[in-house]
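I opened the model to look up a few local features. My notes follow in the order I took them.

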Amino acid sequence: MKFSLSQEFVAELLGTLVLILFGCGVVAMIKLFGANPAIPGEVVMGGYTNIVLGWGFAVLMGIFISGTISGAHLNPAVSIALAATGRFPWAKVPAYILAQLIGAFLGAAIVFAVYHAKWMGVDPGLTSTAGVFSTFPAVPGFWPGFLDQVVGTALLMGLILAIGDKLNNAQGSAWGPLAVAFVVMAVGISFGGMNGYAINPARDLGPRLFALLAGFKNLGDLNVWLVPVIGPIVGAL
């Protein structure tokens with residue numbers, strides 16, 4: 001069935017929105033409910049393992065939402081790389097990227113709305129929790145995080161193509177979304193420490209723009225903004 005560009009736009013927007021809801025949602029659970037374990041009745045959540053699993057499932061759910069309509073790129077780096085290798089029309093790339101950014105922005109806004117009451121108890125000045133929405137480097141500067149994002153996104157893109165090739169049949173293709181989710185988990189487990197494994201410009205920039213407009217204070221310098229945008233595009237290419 002052939003879909004219009006407007007239908008694909010909405011699918012990418014909704015798929016990315018769901019990706020951010022589950023992805024930023026799990027980070028919010030860790031940051032907000034694991035902050036004060038000494039408080040009686042406090043729900044103490046797990047740590048990094050929960051985040052890796054949460055983002056993997058987030059990707060899986062985003063694919064289920066949009067895959068049959070738009071192909072579930074959910075990532076400007078994926079759209080650009082597919083276009084650069086002749087697998088996707090360049091004319092659709094701007095619409096896809098815009099949809100992904102809007103979806104990511106809205107997903108972050110919904111997460112903040114859901115957790116707002118708790119947020120005001122943990123970080124009322126919004127001075128220390130911007131990391132719920134976007135990534136931050138373990139080492140200052142441009143190049144350490146940039147290299148990390150290039151390698152992580154190259155693994156993501158290469159394995160997406162490998163999975164699509166090897167599962168190009170009616171039976172095997174049903175496992176494609178789950179396999180891609182496992183790739184995201186693997187990247188997070190193996191390469192998540194240096195720069196938070198954004199491996200997706202929209203996943204980082206959309207929520208970071210929301211955090212800026214919402215009044216969060218600790219949003220980082222120019223390198224922090226640029227690395228998760230430029231690195232994934234280079235890596236995917």
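I began at Leu126, which is found in the loop between H4 and H5. Helices here (H or I, at least four residues) are DSSP runs, numbered from the N terminus. I read a positive phi of about 55° for Leu126, although it is not a glycine. Leu126 has a relative accessible area of 8%, so it is buried (under 20% relative accessible area; exposed is over 50%, partly exposed in between, with a 1.4 Å probe and protein chains only).

Before going on, I noted the ground rules. This is a predicted model, in which local features need pLDDT of at least 70, side-chain atom pairs count only at pLDDT 80 or more, and totals for chains, interfaces and linings use all residues. Residues are numbered from 1 along each chain as its sequence is written, and side-chain values use heavy atoms, with hydrogens and water left out.

Confidence came next. The protein averages a pLDDT (the predictor's confidence in each residue, from 0 to 100) of 92. I found that 92% of the residues score at least 70. Over residues 37-43 pLDDT stays under 50. For that stretch the model has 8 contacts beyond four places in sequence (contact means heavy atoms within 4.5 Å).

I then looked up Ala72, in the loop between helix H2 (48-70) and H3. Ala72 also has a positive phi of about 55° without being a glycine. Its relative accessibility is 13%, so Ala72 counts as buried.

Next I checked helix packing. The axes of H3 (residues 76-84) and H4 (residues 93-122) come within 9 Å and cross at roughly 170°. Axes are lines fitted to C-alpha atoms, for helices over the stretch in contact, with angles from 0 to 180 degrees between N-to-C directions. H3 is therefore roughly antiparallel to H4 (angles over 145 degrees). On the H3 side I listed Pro76, Ser79, Ile80 and Ala83. H4 contributes Val93, Tyr96, Ile97 and Gln100. I sorted the contact residues into 6 nonpolar, 2 polar and no charged.

Last, the rings. I counted 14 aromatic pairs (ring centres of Phe, Tyr and Trp, its six-membered ring, within 6.5 Å). Trp119 and Phe133 have ring centres 5.3 Å apart and planes at 10°, so they are stacked (planes under 30 degrees apart). Trp119 lies in H4 and Phe133 in the loop between H4 and H5 (143-166), so the pair ties together parts 14 residues apart in sequence. Both residues, Trp119 and Phe133, are buried. Ring pairs link Phe105, Phe112, Trp119, Phe133, Phe210 and Phe216 into a cluster.

Key:
Helix = DSSP H or I, 4+ residues; strand = E, 2+ residues; numbered from the N terminus. Parallel < 35°, antiparallel > 145°, perpendicular 65-115°, else oblique. Nonpolar A, V, L, I, M, F, W, Y, C, P; charged D, E, K, R; others polar. Phe/Tyr/Trp six-rings, centres within 6.5 Å; stacked < 30°, edge-to-face > 60°.
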